[in-house]
Amino acid sequence: MDQPLSLKLASLCQISQYKLEHILSQCGEKADLIIDPVLIKPLERICGVTWLRQHGIDKIYKMDPQLGSTSNTRRIYFIPACIKKYKCVLDQISSLLSLNPAQADAKCFNIIIVPKFVCTFDSILENKGLYEIVKLHSFSWELMRLDDQLLSLEVPFLYKQLYVEKNQSLLSSIAMSLWSLFHVIGKPKCLMSLGKMSSSVLDLLEVYNETFTRDFVSNNTDDIGAVLVIDRDQDYSSSLLTPATYSGLLSEIFNINCGHLELNVKETKLKKGKLNFTTSKDETAKTAVMSLDSSIDHLYGEIKHRHFSEVLSVLSSKAKLLKNEDIKALGIQEMKQFVATKLQQVTLFKQNLVNHVLASETIISEMNNKFENLTLTESEMLNNRNKRANFTYIDEHFGTDVHMHNSLRLMCLLSLTQGLTYEEYNSLVHKYLLAFGYKFLYVFNNLITSGLLVQPSSPKLSLSNLSNLSDRLPKWQTEFQTVANKLKQLPTKSDSAKSPSYVFNGGYIPLVAVICNALLTSESLAELLTKLSALDDLKIGGSSVDKAKRGMESLNEKITNSNTKTDSENGYRDAKTLLKTLKGDSRTMFTLKPRTVLVYMIGGVTYAEVAACDVIQSVTGSRIIIASDCIASGSDLIAANM
C-alpha cells in the first residue's frame, strides 16, 4: 500500500474485474453475453473481449427486444438496474421457454444487474413464474478513472431514480463505492456531507464499517485529507449555466459515454433537440471517437480546462509546429530512427489535432452568435438584474428557437435565481406544449419534483392573503443571491483573473470550488465553519473533528452535551451546532495533511466544476480528486426528467 495515489486509483479496475470473474464463475462454463449498449463502454474499461472469452463467454450480442436465437442455449444478460429493461429481458426469456420448455430445467439464464438488484426485481421474477429458472446477480463495479483526478461510477440513470422518482434504493451503491475506495487509499481525517442523500451515504458508510469490520484491512497511509459528499440539488446553477471551458462545451454539443466522445458533427445534441421539420437525418455521416483522457491524448490535457477563446490559438500553434518539421532533410539512419521511435506518436498527434479542430469548429457553428447573449442573460439572472428583459429573452427563445432540453434549462435557471410569476410560468409552459405536444406535460411536474423548477402559487387576491402581498413584490435579493453572496459565489470585475469563475465567463463560482477553497485555506475549525455558515444541511465528522470535540468538552461540557440530539447517529455533527459550541475559538487547529480533497457529487458532476476545482488546487498548492456517479451536462439533467 506504499504505492502512489494514482496507482492505487488505477487498481480499482482490478477489483471490479475480480468481482466480475466471481459472478461469471457461477454462470456456467460456456455462455453467450447479451449486453445493454449503455454498458458496453464501461465494461471495456474493466475487461476486454479476450478476457471474457477466457472466463466462459462465447459470443457477445447487443441487447435487442427482437433478438432471436443465439449460438448457445446458456445466456448471460448484462443490464442496468432499470425496471423497464429488466421486464424486457424477462419477456424475452419467457418467449424462449415457450418454444423450448426443456430449458427451464437446465437453469441456463443469468441476469447481471448493475449496480445491484433490489427486492422489487425478485417480486417481478416471481410474478413472471421464473423464480428458480433465472438467477440474478448484482455487479457493483468500482469507480473508474476517466481522466487525471476524475473518477466516475458511470451509472447515469442514478440521477433520475434519486431525484425524479425519489427512489433511494440504489443509494447504498454510492456508499459501497466509497467504502471500497477507503480500503485502497485509506480513511480520511475529515468527512463532510451537504444534503440529505449525502448524509445518508455517510451513515451507510459507518454501518458498512461496523458490519464488515473483520474484513477491513488496516490502512495507515495518508492519501486523502478530507472527503466532501454533496447532493447535486445543492448547486443546480453550476449544471444549468453555459460553460466557457473547452471540455464543458464539448459535453454540451456531443454525446460522451465513459470518457469517450462521439464526434458526429451531423447529429449533435443541439440539432437533435431542435424543433425542425425540414432537416432529415444524414445516415452517411461518419462518427469518430475521441478519448477524453489526458494520459492518452496529451493535447486534450493541455486545452481541456482552458477558456474556449484560447483553444483555437493553441491548436493553431501546434499545427505550425508540425508544419515546420522537415522530415525530408533527414538522412537514412535518422529516418529509420524517426520511423522506429516517433512516427506512431506523430501520426496519433496529428489525428488528435484534426479531431480537436473539427470539434472546435462544430462548437463555433453550433453556438454561432448566441454565446455572448446567452452568457450575458445568465449573468443578469445570477445577479437579479433586468428580470423583465431576461424573461423576454427566454419567452422569445420558447417562441422562435425552442429546444427540447435547453429551453427548459433556461426556464429552470430563471426560476431558481429570480423566480417566475404565475402568468410567466403558464406562458412558457403553454408555448413549450404547443411546440412539442401536450404529452410532455408530465415533464414540468418532474422538474418540480427534482427541484430544478419552482412552481409559483396561484395569485388569489383575498382578505386572507393580503398580508402576504409584500412577499410578491420585487426584491433586491432573492434567497439564491443571499446565499451566493455569503459564500462569495458572485465575483465582481475587480476579482483576480485566477478566479474559478472563469468557467462560467466570470459570472459564478461553483459551490464545490467554494467548499474546497474553504477546506484548504482555513487554519481553524471555527474559521472553516464560519466561511460555510450559509449552508443549512452541512454535516462534518472524522478524527480531526473528534479531537476538536474532545478539546471543547473539557472546557464547555454542558453546551456540548445539550446539542448532541441534533447530531448524526454515527458521529457526524451539524455544522451550525458545532460552530455555536466553538464560539469562535481559534485554538482548534484545522490543517489538512495531506492537502488532498476528494469531492463526491451524487447526481452527476459537470466538466465546468472539475475545471473550477483545478484552479483551486493550483492556487492552494493542493490536490482535488472529483468523483461522481456520472459526468453530466445541464441538458443531460433536463433529459433525465423526461
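This is a predicted model: local features need pLDDT of at least 70, side-chain atom pairs count only at pLDDT 80 or more; totals for chains, interfaces and linings use all residues.
Me: Why is I363 called buried?

Reply: Buried means under 20% relative accessible area. I363 has a relative accessible area of 1%, so the residue is buried.

Me: How far apart are I363 and E252 in sequence and in space?

Reply: They are 111 residues apart in sequence, and their C-alpha atoms are 8.9 Å apart in space.

Me: Now to the rings. How many aromatic pairs does the structure hold?

Reply: There are 11 aromatic pairs. In one of them, F436 and F440, the ring centres are 6.5 Å apart and the planes stand at 80°, so the pair is edge-to-face; the cut-off for that label is over 60 degrees. Both F436 and F440 are buried. Ring pairs also join these two with F398, Y432 and F444 in a cluster.

Me: What makes the pair of F480 and Y508 stacked?

Reply: Planes under 30 degrees apart count as stacked. For F480 and Y508 the angle between the planes is 25°, with 6.1 Å from centre to centre, and the pair is stacked. Both residues are buried.

Me: Which parts does the pair of F480 and Y508 tie together?

Reply: F480 sits in helix α23 (residues 479–486) and Y508 in the loop between α23 and α24 (511–521), so the pair ties together parts that are 28 residues apart in sequence.

Technical notes. Residues are numbered from 1 along each chain as its sequence is written. Side-chain values use heavy atoms; hydrogens and water are left out. Rings of Phe, Tyr and Trp (its six-membered ring) pair if their centres lie within 6.5 Å; planes under 30 degrees apart count as stacked, over 60 as edge-to-face and the rest as tilted. Buried means under 20% relative accessible area, exposed over 50%, partly exposed in between (1.4 Å probe, protein chains only). Helices (H or I, at least four residues) and strands (E, at least two) are DSSP runs, numbered from the N terminus.
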